[in-house]
Amino acid sequence: MQLSVLDQAPISRGSSPEETLQNTIKLAQITEKLGYKRYWVAEHHNTSGLASTSPEILIGQIAARTNKIRVGSGGVLLPQYSPLKVAENFKMLEGFHPNRIDLGLGRSPGGSQATRLALTDGLKKSLSSFPRQVSEVQGFLHHSFPEDHPYRMVKAGPKVKSQPEMWVLGLSERGAKNAANLGIGFTYGHFINPDNGEEALSTYRERFRPSLDSSKPKTNVCIFVICADTDREAEELALSQDRWLLNVEKGRDTKVPSIEEAKSKQYNDEELEKIKKNRKRAVIGSPDTVKSKLLELSRRYNNEEFMVITNIYDFEAKIHSYRLLAQAFHLK
């Protein structure tokens with residue numbers, strides 16, 4: 001089993017964006033030493049609770065302060081941007097850190113309609129253009145446009161010797177088909193939608209076409225994980241994530257609340273049902289419990305790499321969670 005990290009740079013109540021970003025660097029350094037394969041950072045906008053607004057900048061900072069862990073985006077929200085500019089940003093990162101950069105691409109609009117229009121400078125761009133845009137990023141990275149393509153003569157620079165590894169992030173068979181048709185990696189977001197992974201991953205493998213990026217299918221699955229010394233301690237830590245997810249879904253203050261704050265909240269029946277449903281997006285427990293559940297999920301998904309996201313209040317408890325998980329799977 002290979003384990004990787006997805007970091008949204010969540011800001012805990014009482015902390016600052018500056019401290020959170022420094023914690024991201026620290027966590028990357030720690031998980032590298034623990035044997036994690038990748039460290040990906042997300043992209044979010046117009047939110048008070050997530051500090052990762054520019055994955056390209058954060059990737060450069062992380063890669064410069066680590067030595068071997070692959071560093072990438074999970075993911076760049078391509079519909080808002082130019083495929084040429086995205087390709088050049090990541091070719092530049094690859095030039096600084098050869099064979100260590102991953103380019104994960106997402107279809108998300110990035111927030112509200114007003115937020116999206118601010119990102120596109122007022123242009124009303126269609127999400128349905130995502131497959132074409134991914135194909136163009138691939139064309140710019142490899143200089144592989146067909147003869148009749150309008151951008152055939154546009155060369156993305158710098159002309160580096162290696163190229164970033166491409167991935168599509170998806171929640172359904174649609175995203176799986178996009179990745180398979182272009183012969184690039186596919187990441188399934190179990191931490192968002194735990195109900196469609198088997199179908200999506202199966203579709204991806206069945207339809208995969210070898211490409212300049214990859215000769216065979218590559219998959220990983222992103223999932224919330226909270227690991228502690230005992231099941232009871234893990235459940236206690238998970239209270240902050242439970243409350244945080246409710247706040248995110250209701251558009252409230254999205255900073256991660258403390259356990260005490262979460263305990264002080266009186267939940268109604270609808271909220272309790274939502275927490276129960278959200279728990280399907282996560283694996284929570286002691287090392288033995290978490291390992292058993294991840295191995296079971298791995299068999300269902302026919303997948304050997306999980307990207308672990310741990311959005312809890314206490315940073316030291318987060319580090320301990322990643323450490324226990326690494327030990328359980330003997331990453332070193």
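View 1. At 12% relative accessibility, arginine 281 counts as buried (under 20% relative accessible area; exposed is over 50%, partly exposed in between, with a 1.4 Å probe and protein chains only). Glutamate 249 lies in helix α8 and arginine 281 in the loop between α10 and β9, so the pair ties together parts 32 residues apart in sequence. Helices (H or I, at least four residues) and strands (E, at least two) are DSSP runs, numbered from the N terminus.

This is a predicted model: local features need pLDDT of at least 70, side-chain atom pairs count only at pLDDT 80 or more, and totals for chains, interfaces and linings use all residues. Residues are numbered from 1 along each chain as its sequence is written, and side-chain values use heavy atoms, leaving out hydrogens and water.

**View 2. Arginine 132 and glutamate 136 pair within helix α5 (residues 130-142).** Four residues, about one turn of the helix, separate the two. Their side chains form a salt bridge (3.1 Å, N to O). Arginine 132 is partly exposed, at 42%, while glutamate 136 is buried, at 7%.

**View 3. Meet the largest nonpolar core, with 67 residues.** Such a core is a set of buried Ala, Val, Leu, Ile, Met, Phe, Trp, Tyr and Cys residues joined through side-chain atoms within 4.5 Å. Tyr36 is one of those with the most contacts inside it. Helix α12 (residues 315-328) supplies the largest share, seven residues.

Terms used: A salt bridge is a side-chain nitrogen of Lys or Arg within 4 Å of a carboxyl oxygen of Asp or Glu.
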